[in-house]
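The stops below are given in the order in which they may be selected.

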Amino acid sequence: MSYQIISIAGLIYIIAMPIYIIYLLTKKEKIGYLGTGALCIGVLIHLFGFIQRFREMYEINHSFIRSIPITNLYESLVFFVLCLVLGYLIVEWKYGKKGFGVIVSLIAGIAIGLTELLGVTKEVQPLVPALKSNWLLAHVTLSFIAYAAFAISFVAGLFHVLMTSENRKSFKYILSTTILAFMFFLILSVIIDMATVENQKSIKIFHFTLGNSSLFVAILSWSALLAFIFVFWRWGEVIVRILKEFKIDANLLEEITYKGIAFGFPLFTIGGLVFGAIWADQAWGRYWGWDPKETWSLITWFVYAFYLHAKFIRGWSGSKTSVIAVVGFLVTIFTYLGVNLFLSGLHSYGSM
Amino acid sequence: MAKWKLENLNEKIWNFFASVDLAVALFIVISLAAAIGTVIPQQLEPEATIRFFSKFFSMDTSLKIHEIVSLLDLNNVYHSWWFTFLLFMFALNLVVCSIDRLPNLLKSYRTLPQALSMKVLESMPLKKQLILSDISHLKEKLSEILKRKGFSVNVFDTPEGIQLQAKKWSKTRLAVYLTHFSIIVILTGALLGTFFGFRGHMNILEGTALDFIISDEGKTIPLDFQILCEKFEVEYYENSAVPKAFRSYLKILQKDKPVMINGKDTVILEVNEPFSYGGLTFYQASYGFQPTEHAEFRFTFLHEQDRKIPIRVKFEEKVRIPNSAVLFSVIDFSPALGIDEEGRLFNMTTDMINPAVLVEFDNQGKKTQQWILKKIPQTWDTPYGKLRFDELWGAQFTGLQVRKDPGVPFIYFGSILLCVGLFVSLFLRPINYFVIIDKNKVTFYSPTLKGKVTIEKQLEEIIKKLKGEGK
């Protein structure tokens, strides 16, 4: 089955993360190539799984355009990871820097892990009538390519904020180290949760860590999270030093942050908002209806519009704008996952 | 003095509305307001809203919160006066900002380029200096390289040396104003839709016609034509309750006569494929089960090999099976017949997933009963011949969404402008280089902040070429 192939790709992404960490610590060029190689093999297996799933969809739907596997939460998460890793490999090749590989493989690992832990169905499902439209392809693919661009912008922006913050007490420093710490905690928790799965159907995220039924383990996990945050806060400058040793400076980080948004924003506008509106107009008889998904897309759009305009305001250059890029991606995650998990609306195809 | 003060105030107000700061403030405020609207339930009855808050707070607090919420229209954010006001400010900001800046930009295209002073050049964020050994034809070589890269080049003689100005894609700066204009177009479209359009729905029972719409506000809007639903059908995926497609076969009737649309008198309406008539657009939205008097069970009696005799009966109506003395009637119907764990029959839903009829045969007083299922051919065999159950006609209604919105062309046009504007302004950024050639010393300046690393890379390429050809 296709999802088993994609799970293997996910496993390889997760393995790529420690390889990148070792590379950053040892500075051995060969290990860096090993990390990139792992991501490349992961992408190839992922693409194979994607094509396999396409075939499975085609057997049900018998339509080429409508068989692209992006029709539910599982498929879209997986497609997002594919775009993210491919996008990162392009950035790595273009700028010749491997430093972001850690965080990118980490995000990819978390996303693939979530498909196991959110209890989403991985089976190929037949399309409901509302999804039978050629706009599906244009709307969803462009949205997720944009999300992936925002993710890359987020990674660079996060490092940029960290690198340019003045001291440990500054908001920028605390924000960036806390997010980093939480991400590392999340991936560990996801791995542990996946390893301790007992019942595939009733599985929940953090079931073994923060939400463990044993109070002792739960408290231990919360303390671990706080410890992570403390460690990153205390030794955050080590990360900055390592980045600088790899000639990743603030200018480069700012540029990648900007490029990610400059690429993602128009794609998000056309794919997410405009194509979404046209499709909604044809399917539901209104182009805009303040549905939670639509509203949060607009909020995401405003945050990134804020980023682009802030660049014009005097005194807003540098890391201040990168904070917006970081917040922008957090809002993007909410638009994508949070709305499906917490708010109800018409975009229920992406629900559990 | 007073006049001067007034002018000063006017200017202040103008600058306020033209500022990026206002734009940024509006981005934040509108976002927050919109976010509130996704958390607090919108457009519900007061009781339902209070019930929502009582999930988190005590009853007394919930009542107080509800008071505040309804005072500030927080349960109807997107249609509240203050949200409309914010959007209006947003539009005003866009207009004033464009009027403020566009003329200067246009003027800069019309005026002839002039040599810049060293003070201006030195203040630019990017500077790169190099000393060359070969200084012959430096100006010509550099112009040639820049021109081959698509730049337009102007040359000036200044006291500090020869000044080269290279420009590329400088007109793409206009695209920002196209983007801003497109948002105004979209907002205009939305305004037109709010004032001159409406939305509503009509539920037409299979086999009947309707000549009015129920608007979303609950008003009845008469039509000057009728819509007849001749047939409605739902297809399901095999062995599944997931609908694959549903469609209505509609006729537009003017004075009881069908109107031809695209050369046909029947319109097939499906999800994602709306159709328009008389300034209104109709969408296939929903469907439902509603048994009525005029509903009829449609059978086909499969006589020997080829002869098929259609039979139509109403509920409990007795009909003779062809060429026999046997009477049969439908005494029960199930849209979705299922069998529970103990082997009992039960009805799963009102969706026609697995339609079945309980038929009673009366052979001169000898009565027998049998379930006939549409989807299972084995059940068509009866003691008196093969009787296929085709459908129950007239027991479902089709739910149509109806809309009139004169703003839609504006929305589409604005969307196209928005995309074009964004792509041009973000992918084709203007690039400017200023070069001072002073004997063997060449200094490059660039005023562009965004994409500094890329520009440095391009500059290095240019320098490499200059050096390579200089050798």
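In which loop of chain B is the place of Ser80(B)? Select Ser80(B) to begin: the residue sits in the loop between helix H4 (59–71) and helix H5 of chain B. The coordinates belong to a predicted model.

**Stop 1: Ser80(B)**

With a relative accessible area of 1%, Ser80(B) is buried, because buried means under 20%. Display its side chain together with the backbone of Phe83(B): the side chain of Ser80(B) reaches the backbone nitrogen of Phe83(B) at 3.3 Å. Glu140(B) is 60 residues from Ser80(B) along the chain, and 64 Å separate the two C-alpha atoms.

**Stop 2: helix H7 of chain B**

Select residues 138–148 of chain B, which form helix H7. Within this helix, Glu144(B) and Arg148(B) are 4 residues apart, about one turn of the helix. Their side chains meet in a salt bridge, at 3.7 Å from N to O. Glu144(B) counts as partly exposed at 42% relative accessibility, whereas Arg148(B) counts as exposed at 56%.

**Stop 3: the interface of the two chains**

Colour the two chains separately and show the residues in contact. On chain B 49 residues are in contact with 49 residues of chain A. The two chains bury about 4300 Å² between them, 70% of it on carbon and sulfur atoms.

How many salt bridges does the rule find across the interface of chain B and chain A? There is 1 salt bridge. To find the pair, select Asp281(A) and Arg403(B), whose closest N and O atoms are 2.3 Å apart. The elements giving two or more residues to the chain B side include helix H2 (20–39), helix H5 (81–110), strand E22 (396–404) and helix H10 (452–470) of chain B. By class, this side of chain B has 30 nonpolar, 10 polar and 9 charged residues.

**Stop 4: from strand E22 to strand E4 of chain B**

Gly200(B) stands opposite Val402(B) in E22(B). Gly200(B) also stands opposite Ser215(B) in E5(B). Strand E5 (residues 209–215) of chain B pairs with E4(B) over 2 bridges, in the antiparallel sense. The hairpin of E4(B) and E5(B) has 3 residues between the strands, and there Gly207(B) takes a positive phi near 90°.

**Stop 5: strand E18 of chain B and its partners**

Move to strand E18 (residues 356–363) of chain B, where 7 of the 8 residues are buried. Strand E15 (residues 327–334) of chain B runs antiparallel to E18(B), joined by 7 bridges. Here Asp332(B) stands opposite Leu358(B) in E18(B). Strand E19 (residues 366–373) of chain B is also antiparallel to E18(B), with 8 bridges joining them. Glu360(B) has Gln369(B) in E19(B) as its bridge partner. The hairpin of E18(B) and E19(B) has 2 residues between the strands, and Gln364(B) takes a positive phi near 45°.

**Stop 6: an open sheet of chain B**

Next, select the four strands of the open sheet with the order E13-E12-E21-E20 (chain B), in which the pairing is antiparallel. Its edge strands are strand E13 (307–313) and strand E20 (381–382) of chain B, each pairing on one side only. E20(B) is joined by 2 bridges to strand E21 (residues 385–393) of chain B. In E21(B), Lys386(B) is the bridge partner of Asp381(B).

**Stop 7**

Select Lys231(B) and Glu233(B), a salt bridge with the closest N and O atoms 3.9 Å apart. Glu233(B) is partly exposed at 22% relative accessible area, and Lys231(B) is partly exposed at 28%. Both belong to a network of salt bridges that includes Arg247(B), Arg312(B) and Glu391(B).

**Stop 8: helix H9 of chain A**

Finally, select residues 250–283 of chain A, which form helix H9 and contain Glu255(A). Is Glu255(A) buried or exposed? With a relative accessible area of 3%, Glu255(A) is buried. A polar contact of 3.5 Å joins its side chain to that of Tyr95(A).

Glu254(A) forms a salt bridge with Lys311(A), the closest N and O atoms being 3.2 Å apart. This pair links distant parts of the chain, 57 residues apart, with Lys311(A) in the loop between helix H10 (292–310) and helix H11 (319–342) of chain A. Both Glu254(A) and Lys311(A) are buried.

How values were computed. Residues numbered from 1 in each chain as written. Chains lettered and ligands numbered in written order. Predicted model: local features only at pLDDT ≥ 70, side-chain atom pairs only at ≥ 80, totals over all residues. Heavy atoms only, no water. Contact = heavy atoms within 4.5 Å. Buried area = accessible area lost by both parts, 1.4 Å probe. Salt bridge = Lys/Arg side-chain N within 4 Å of Asp/Glu carboxyl O. Nonpolar A, V, L, I, M, F, W, Y, C, P; charged D, E, K, R; others polar. Buried < 20%, exposed > 50% of the residue type's maximum accessible area, 1.4 Å probe, protein only. Polar contact = N/O pair within 3.5 Å; in protein donor to acceptor, adjacent residues only side chain to side chain. Pairing = 2+ DSSP bridges.
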